[in-house]
Amino acid sequence: MAWNKPGNAGGSRSGGSGGLGDWLARLPGIGAGGGGSPLRWLWLLVAAWLLYSSFVLVAEQQRGVVLRFGRFERVMQPGPNLKLPWPIERVIKVNATQIKNFEDRVPVLTRDENIVEVAINVQYRVADPVTYLFGTRDADEVLQQAALSTVREQVGRSDLDTVLGAREQLAVAARERLQKSLEAYHTGLLVTELNLPDARPPQQVKPAFDDVNSAQQDKERLISEARAYAAKIVPEARGQAARVRTVAQGYKDAEIARATGDAERFALLVEQYKAAPEVTRKRLWLETLQKVLGENRKVVGGDGRQLIYVPMPGAAAASAPAAPAASTALLPELAAPAAAGAEAEPARSGRPSRPQGRPEVQR
């Protein structure tokens with residue numbers, strides 16, 4: 001039977017009895033006698049609401065947590081998704097890519113019992129949306145408290161110099177410790193960055209702290225100057241010590257060689273003395289006399305009228321200016337008779353006296 005034949009006004013266009021048209025025809029107010037009743041429009045609104053409630057659009061930076069009758073069912077990925085209409089299923093959207101920031105400044109007692117105010121900066125994001133929503137009551141608050149506790153622990157294990165000058169290592173250790181705490185507390189958060197940008201003493205003790213820093217800088221400066229001085233003096237002292245050792249070693253070798261030579265010469269002299277005692281004795285006397293006279297002044301007397309200067313090799317240039325005065329001072333008893341004889345000789349001969357000359361003496 002065709003759908004438009006008399007007696008089949010409320011039938012299905014497909015000719016079946018189980019189509020959408022038959023279902024709508026059976027609803028109150030939508031059948032053939034429904035016309036424009038308000039109930040028909042109510043059913044249309046209900047259908048539109050069901051369609052709207054079953055369609056969910058998840059943004060790229062979001063994740064949708066689906067709950068069925070309040071219990072976790074699944075996680076929706078970015079894009080269009082379908083679900084059962086409310087109140088059967090509902091969706092909680094969580095921003096999983098947003099970087100959140102937490103900053104604070106907290107006073108901490110260091111290991112060497114100094115109080116210092118440390119600035120904290122934590123950057124984090126949601127790593128697991130389900131754990132973030134249901135793992136703990138307030139994951140963000142837990143992170144803040146855990147961050148403060150972790151920083152206090154790490155700073156409390158370090159001294160003041162480390163906190164002021166080497167905070168990078170403390171920040172790395174605090175980040176690892178904080179991440180472990182967040183995993184133990186089931187927060188579903190991931191720490192992307194933890195910094196300790198500033199550390200300073202409290203304002204009440206800042207003048208005393210500045211004095212301590214100034215003294216520390218003076219200490220380091222003096223240590224640097226002392227090290228520089230040591231680096232300069234120590235090589236010089238070592239060089240001088242090496243030179244003294246070298247000179248001493250040379251003197252030692254020379255003395256040993258000379259003593260060895262003297263011993264050998266004495267041994268040969270003994271042999272010669274045994275062979276010819278008189279000749280050897282005379283030769284030794286002559287050599288000794290030559291050595292003694294060679295090291296002393298020589299004065300040769302003439303006829304009592306003047307002194308004869310006997311030049312010696314290499315001594316004239318060194319002692320010529322001072323030789324006359326030294327001779328007069330050293331030999332007054334020889335110079336006086338010579339001068340008297342020189343004056344008496346012209347008187348006897350009737351010739352004028354010769355001017356007295358200065359005696360010449362050679363060393």
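**Arginine 167 and its surroundings**

Author: A contact means heavy atoms within 4.5 Å. Leaving out residues up to four places away in sequence, arginine 167 touches Thr162, Leu196, Pro197, Asp198 and Ala199. This is a predicted model, in which local features need pLDDT of at least 70 and side-chain atom pairs count only at pLDDT 80 or more, while totals for chains, interfaces and linings use all residues. Residues are numbered from 1 along each chain as its sequence is written, and side-chain values use heavy atoms, with hydrogens and water left out.

Reader: Which side chain of opposite charge is nearest to arginine 167, and how far away is it?

Author: Lys and Arg count as positive and Asp and Glu as negative, with His and the chain ends not counted. A salt bridge is a side-chain nitrogen of Lys or Arg within 4 Å of a carboxyl oxygen of Asp or Glu. Buried means under 20% relative accessible area and exposed over 50%, with partly exposed in between (1.4 Å probe, protein chains only). Arginine 167 is buried yet has no salt bridge, and the nearest side chain of opposite charge, aspartate 198, is 5.1 Å away. A polar atom of the arginine 167 side chain does lie 3.0 Å from the backbone oxygen of leucine 164. Such a polar contact is a pair of N or O atoms within 3.5 Å; within protein, one must be able to donate a hydrogen and the other to accept it, and residues adjacent in sequence count only if both atoms are side-chain atoms.

Reader: In which helix is arginine 167 found?

Author: Helices (H or I, at least four residues) and strands (E, at least two) are DSSP runs, numbered from the N terminus. Arginine 167 is found in helix α6, residues 167-184. The protein chain comes to 11 helices and 11 strands.

Reader: How many residues does the largest nonpolar core have?

Author: A nonpolar core is a set of buried Ala, Val, Leu, Ile, Met, Phe, Trp, Tyr and Cys residues joined through side-chain atoms within 4.5 Å. The largest one here has 33 residues, and Val118, Val122, Leu178, Leu189 and Leu196 have the most contacts inside it. The largest share of this core, 7 residues, comes from α4. Leucine 178 is in contact with Val122, Leu143, Ala146, Ala147, Thr150, Val191 and Leu194, leaving aside neighbours within four places in sequence.

Reader: Against which elements do the buried residues of α4 pack?

Author: They pack against β6, β7, α3 (129-134), α5, α6 and β8. Among the buried residues of α4 are Leu143, Ala146, Ala147 and Thr150.
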